[in-house]
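Please read it with the model open.

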Amino acid sequence: WGGRIMHYLTLHGYSGTVVPINPRRDVVRGHKCYPRITDAPPIDVAIIAVPAGSVPQTLRECETAGVGCCVIITAGFTEAGADGAAMQAEIEEIARRSGMRLIGPNCLGLINYRNGMALTSARVLDVDKVHVGEIGLVSQSGALMLSVYNRAHDQGIGFSQIISVGNQADLEVCDFFEHMIGAADTKVICLHIEGLRDGPRYLDLLRKARAAA
(Lines give C-alpha, C1' and ligand atoms only; values in the text may rest on other atoms or scores of the structure.)
Protein backbone atom coordinates (compact mmCIF):
# COMPACT_ATOMS: atom_id res chain seq x y z
CA TRP A 1 0.00 0.00 0.00
CA GLY A 2 3.00 2.35 -0.13
CA GLY A 3 2.07 3.32 -3.67
CA ARG A 4 -1.51 3.97 -2.54
CA ILE A 5 -0.33 6.43 0.12
CA MET A 6 1.70 8.36 -2.44
CA HIS A 7 -1.29 8.37 -4.79
CA TYR A 8 -3.47 9.89 -2.05
CA LEU A 9 -0.86 12.48 -1.12
CA THR A 10 -0.58 13.61 -4.73
CA LEU A 11 -4.32 13.47 -5.43
CA HIS A 12 -5.31 15.49 -2.38
CA GLY A 13 -2.75 18.25 -2.52
CA TYR A 14 0.06 17.34 -0.13
CA SER A 15 3.13 19.35 -1.14
CA GLY A 16 5.79 17.67 1.01
CA THR A 17 8.47 15.29 -0.25
CA VAL A 18 7.61 11.58 -0.26
CA VAL A 19 10.46 9.06 -0.06
CA PRO A 20 9.62 5.35 -0.53
CA ILE A 21 11.83 2.70 1.10
CA ASN A 22 11.84 -0.79 -0.40
CA PRO A 23 14.87 -3.01 -1.15
CA ARG A 24 13.06 -4.63 -4.11
CA ARG A 25 11.98 -1.50 -5.98
CA ASP A 26 13.86 1.32 -7.71
CA VAL A 27 10.86 3.60 -8.35
CA VAL A 28 7.38 3.84 -6.74
CA ARG A 29 4.84 6.03 -8.57
CA GLY A 30 7.56 8.16 -10.04
CA HIS A 31 9.48 8.59 -6.77
CA LYS A 32 13.03 7.28 -6.40
CA CYS A 33 12.99 4.32 -4.02
CA TYR A 34 15.80 3.63 -1.55
CA PRO A 35 16.77 0.17 -0.22
CA ARG A 36 17.19 1.40 3.38
CA ILE A 37 16.08 4.48 5.25
CA THR A 38 19.72 5.23 6.10
CA ASP A 39 20.37 5.59 2.34
CA ALA A 40 17.58 8.13 1.87
CA PRO A 41 17.53 11.93 2.25
CA PRO A 42 16.49 13.23 5.72
CA ILE A 43 13.00 12.03 6.69
CA ASP A 44 10.71 13.66 9.26
CA VAL A 45 8.04 10.95 9.55
CA ALA A 46 8.35 7.28 8.61
CA ILE A 47 5.38 4.98 7.99
CA ILE A 48 6.29 1.43 9.01
CA ALA A 49 4.48 -1.59 7.59
CA VAL A 50 6.81 -4.56 7.95
CA PRO A 51 6.40 -7.90 9.79
CA ALA A 52 6.18 -7.38 13.57
CA GLY A 53 9.51 -9.08 14.22
CA SER A 54 11.25 -6.59 11.92
CA VAL A 55 9.83 -3.46 13.59
CA PRO A 56 12.48 -3.05 16.35
CA GLN A 57 15.36 -3.19 13.86
CA THR A 58 13.50 -0.86 11.51
CA LEU A 59 13.09 1.63 14.37
CA ARG A 60 16.82 1.41 15.13
CA GLU A 61 17.52 2.27 11.50
CA CYS A 62 15.08 5.18 11.77
CA GLU A 63 16.92 6.32 14.90
CA THR A 64 20.23 6.22 13.02
CA ALA A 65 18.68 8.17 10.14
CA GLY A 66 17.41 10.87 12.52
CA VAL A 67 13.70 10.29 11.89
CA GLY A 68 11.53 12.37 14.22
CA CYS A 69 8.36 10.25 14.29
CA CYS A 70 7.24 6.79 13.15
CA VAL A 71 3.68 5.71 12.33
CA ILE A 72 3.64 1.96 12.96
CA ILE A 73 0.86 0.26 11.00
CA THR A 74 2.10 -3.24 11.86
CA ALA A 75 0.04 -5.31 14.31
CA GLY A 76 1.17 -8.18 16.53
CA PHE A 77 2.25 -6.46 19.76
CA THR A 78 0.51 -6.25 23.16
CA GLU A 79 -2.78 -7.27 21.55
CA ALA A 80 -1.16 -10.56 20.42
CA GLY A 81 0.16 -11.97 23.71
CA ALA A 82 3.38 -12.12 25.73
CA ASP A 83 5.82 -12.20 22.80
CA GLY A 84 4.12 -9.20 21.22
CA ALA A 85 4.14 -7.34 24.54
CA ALA A 86 7.90 -7.93 24.82
CA MET A 87 8.43 -6.49 21.34
CA GLN A 88 6.31 -3.49 22.20
CA ALA A 89 8.39 -2.89 25.33
CA GLU A 90 11.46 -3.00 23.11
CA ILE A 91 10.15 -0.39 20.68
CA GLU A 92 9.05 1.81 23.58
CA GLU A 93 12.61 1.70 24.92
CA ILE A 94 14.00 2.65 21.50
CA ALA A 95 11.64 5.63 21.40
CA ARG A 96 12.58 6.76 24.92
CA ARG A 97 16.28 6.45 24.23
CA SER A 98 16.22 8.26 20.91
CA GLY A 99 13.52 10.87 21.56
CA MET A 100 11.71 9.62 18.44
CA ARG A 101 7.91 9.74 18.79
CA LEU A 102 5.68 6.81 17.87
CA ILE A 103 2.07 6.52 16.71
CA GLY A 104 0.78 2.95 17.11
CA PRO A 105 1.67 0.16 16.70
CA ASN A 106 -1.43 -1.64 15.43
CA CYS A 107 -2.93 1.56 14.06
CA LEU A 108 -4.24 2.89 10.75
CA GLY A 109 -2.26 6.12 10.87
CA LEU A 110 -3.57 9.66 10.41
CA ILE A 111 -5.01 12.09 7.90
CA ASN A 112 -4.68 15.87 7.98
CA TYR A 113 -7.33 17.22 5.64
CA ARG A 114 -5.97 20.77 5.69
CA ASN A 115 -2.65 19.97 4.02
CA GLY A 116 -3.56 16.73 2.22
CA MET A 117 -1.23 14.56 4.32
CA ALA A 118 -2.63 11.01 4.37
CA LEU A 119 -0.36 8.69 6.34
CA THR A 120 -2.71 5.73 6.44
CA SER A 121 -3.10 2.23 5.04
CA ALA A 122 -6.90 2.58 4.92
CA ARG A 123 -8.82 3.15 1.70
CA VAL A 124 -10.90 5.98 3.19
CA LEU A 125 -9.67 8.51 0.64
CA ASP A 126 -10.49 6.32 -2.35
CA VAL A 127 -13.47 8.58 -3.14
CA ASP A 128 -14.33 11.15 -5.80
CA LYS A 129 -14.51 14.03 -3.33
CA VAL A 130 -13.01 14.50 0.12
CA HIS A 131 -15.13 16.57 2.51
CA VAL A 132 -13.05 18.94 4.63
CA GLY A 133 -14.70 20.09 7.85
CA GLU A 134 -14.04 21.15 11.43
CA ILE A 135 -14.36 17.79 13.22
CA GLY A 136 -11.33 16.08 14.75
CA LEU A 137 -11.50 12.34 15.43
CA VAL A 138 -9.17 10.30 17.65
CA SER A 139 -9.85 6.58 17.84
CA GLN A 140 -8.13 3.67 19.52
CA SER A 141 -9.99 1.35 17.17
CA GLY A 142 -9.02 1.56 13.53
CA ALA A 143 -12.18 -0.28 12.48
CA LEU A 144 -14.41 2.17 14.34
CA MET A 145 -12.48 5.11 12.88
CA LEU A 146 -13.23 3.78 9.39
CA SER A 147 -16.90 3.21 10.21
CA VAL A 148 -17.33 6.76 11.55
CA TYR A 149 -15.51 8.23 8.58
CA ASN A 150 -17.52 6.27 6.02
CA ARG A 151 -20.89 7.14 7.57
CA ALA A 152 -19.92 10.81 7.86
CA HIS A 153 -18.68 10.93 4.27
CA ASP A 154 -21.96 9.48 2.99
CA GLN A 155 -23.75 12.36 4.73
CA GLY A 156 -21.40 15.00 3.34
CA ILE A 157 -19.77 15.58 6.74
CA GLY A 158 -16.07 16.49 6.71
CA PHE A 159 -13.15 16.28 9.12
CA SER A 160 -10.15 18.45 9.85
CA GLN A 161 -7.99 15.55 11.04
CA ILE A 162 -8.41 11.93 12.07
CA ILE A 163 -5.97 9.74 13.98
CA SER A 164 -5.92 6.04 14.81
CA VAL A 165 -3.70 5.61 17.88
CA GLY A 166 -3.69 1.81 18.17
CA ASN A 167 -1.72 0.45 21.13
CA GLN A 168 -0.45 3.89 22.26
CA ALA A 169 3.13 2.74 22.80
CA ASP A 170 4.17 6.39 22.96
CA LEU A 171 1.78 9.11 21.76
CA GLU A 172 -1.68 8.48 23.20
CA VAL A 173 -5.26 9.72 23.06
CA CYS A 174 -4.63 12.67 25.39
CA ASP A 175 -1.72 13.95 23.29
CA PHE A 176 -3.94 14.31 20.24
CA PHE A 177 -6.92 15.53 22.28
CA GLU A 178 -4.78 18.33 23.68
CA HIS A 179 -3.51 19.24 20.21
CA MET A 180 -7.04 19.45 18.83
CA ILE A 181 -8.26 21.69 21.66
CA GLY A 182 -5.77 24.30 20.48
CA ALA A 183 -6.24 23.72 16.74
CA ALA A 184 -7.96 26.63 14.97
CA ASP A 185 -9.34 24.33 12.25
CA THR A 186 -11.09 21.99 14.72
CA LYS A 187 -14.34 23.01 16.43
CA VAL A 188 -15.65 19.55 17.41
CA ILE A 189 -13.58 16.72 18.91
CA CYS A 190 -14.71 13.08 18.83
CA LEU A 191 -12.88 10.47 20.90
CA HIS A 192 -13.18 6.69 20.91
CA ILE A 193 -11.45 5.43 24.05
CA GLU A 194 -10.92 1.82 25.11
CA GLY A 195 -8.52 2.63 27.94
CA LEU A 196 -6.78 5.69 29.39
CA ARG A 197 -3.13 5.90 30.33
CA ASP A 198 -3.60 9.08 32.38
CA GLY A 199 -7.10 9.59 33.77
CA PRO A 200 -6.39 12.87 35.64
CA ARG A 201 -4.85 14.39 32.51
CA TYR A 202 -7.91 13.38 30.50
CA LEU A 203 -10.26 15.05 33.01
CA ASP A 204 -8.14 18.20 32.93
CA LEU A 205 -8.32 18.25 29.13
CA LEU A 206 -12.11 17.86 29.25
CA ARG A 207 -12.25 21.01 31.39
CA LYS A 208 -9.99 22.84 28.93
CA ALA A 209 -12.15 21.72 25.99
CA ARG A 210 -15.29 22.97 27.75
CA ALA A 211 -13.63 26.32 28.48
CA ALA A 212 -12.54 26.63 24.85
CA ALA A 213 -16.00 25.88 23.44
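The points below go from the whole chain to single residues.

1. Basis. This is a predicted model, in which local features need pLDDT of at least 70, side-chain atom pairs count only at pLDDT 80 or more, and totals for chains, interfaces and linings use all residues. Residues are numbered from 1 along each chain as its sequence is written, and side-chain values use heavy atoms, with hydrogens and water left out.

2. Overall form. The chain has six helices and 10 strands. These are DSSP runs numbered from the N terminus: helices are H or I with at least four residues, strands are E with at least two. The C-alpha trace spans about 50 × 40 × 25 Å along its principal axes. The radius of gyration is 17 Å, which agrees with the value near 17 Å for a compact globule of 213 residues. That radius is taken over C-alpha atoms, and the globule rule is 2.2 Å times the number of residues to the power 0.38.

3. Burial and surface. Of the 213 residues, 43% count as buried. Buried means under 20% relative accessible area, exposed over 50%, and partly exposed in between (1.4 Å probe, protein chains only). The chain exposes about 10,700 Å², and carbon and sulfur atoms supply 50% of that area. Accessible areas come from the Shrake-Rupley method with a 1.4 Å probe; for residues, only the protein chains shown count as cover.

4. Contact range. Take contacts between residues at least 6 apart in sequence: 65% of them join residues at least 24 apart. Contact means heavy atoms within 4.5 Å.

5. Charges. There are 20 positive and 22 negative charges, and their mean positions are 4 Å apart. Lys and Arg count as positive, Asp and Glu as negative; His and the chain ends are not counted. Each charge is placed at NZ of Lys, CZ of Arg, CG of Asp or CD of Glu.

6. Cores. Which residues have the most contacts inside the largest nonpolar core? They are Leu 59, Cys 62, Val 67, Cys 70 and Ile 72, in a core of 19 residues. Two or more residues come from each of β3 (45–48), α2 (55–65), β4 (69–72) and α3 (82–98). A second, separate core has 15 residues, including Val 71, Leu 110, Leu 171 and Val 173. A nonpolar core is a set of buried Ala, Val, Leu, Ile, Met, Phe, Trp, Tyr and Cys residues joined through side-chain atoms within 4.5 Å. In soluble globular proteins, nonpolar side chains tend to be buried together.

7. Cys 62 and Ser 98. Leaving aside neighbours within four places in sequence, Cys 62 is in contact with Ile 37, Ala 46, Ile 48, Val 67, Cys 70 and Met 100. Ser 98 is 36 residues from Cys 62 in sequence, with 9.7 Å between their C-alpha atoms. Ser 98 sits in helix α3. It is partly exposed, because its relative accessible area is 29%.

8. Ile 37. This residue lies in the loop between β2 (31–32) and β3. Is Ile 37 buried or exposed? Ile 37 is buried, because its relative accessible area is 8%. With neighbours within four places set aside, its contacts are Ile 21, Ile 43, Ala 46, Glu 61, Cys 62, Ala 65 and Val 67.

9. Backbone points to check. Gly 104 and Pro 105 are joined by a cis peptide bond, with omega about 0°. Pro 105 is in the loop between β5 (101–103) and β6 (109–112). Asn 106 is in the loop between β5 and β6. Its phi is near 60°, a positive value in a residue other than glycine. Asn 106 counts as partly exposed, at 29% relative accessibility. Gln 168 has phi near 55°, again positive and not in a glycine. Gln 168 lies in the loop between β9 (159–164) and α5 (173–181). At 6% relative accessibility, Gln 168 counts as buried.

10. Exposed positions. Gly 66, in the loop between α2 and β4, counts as exposed at 53% relative accessibility. Ala 213 follows α6 (199–212) and is exposed, with a relative accessible area of 88%. The C-alpha atoms of Ala 213 and Ile 181 are 9.0 Å apart, and the two residues are 32 apart in sequence.
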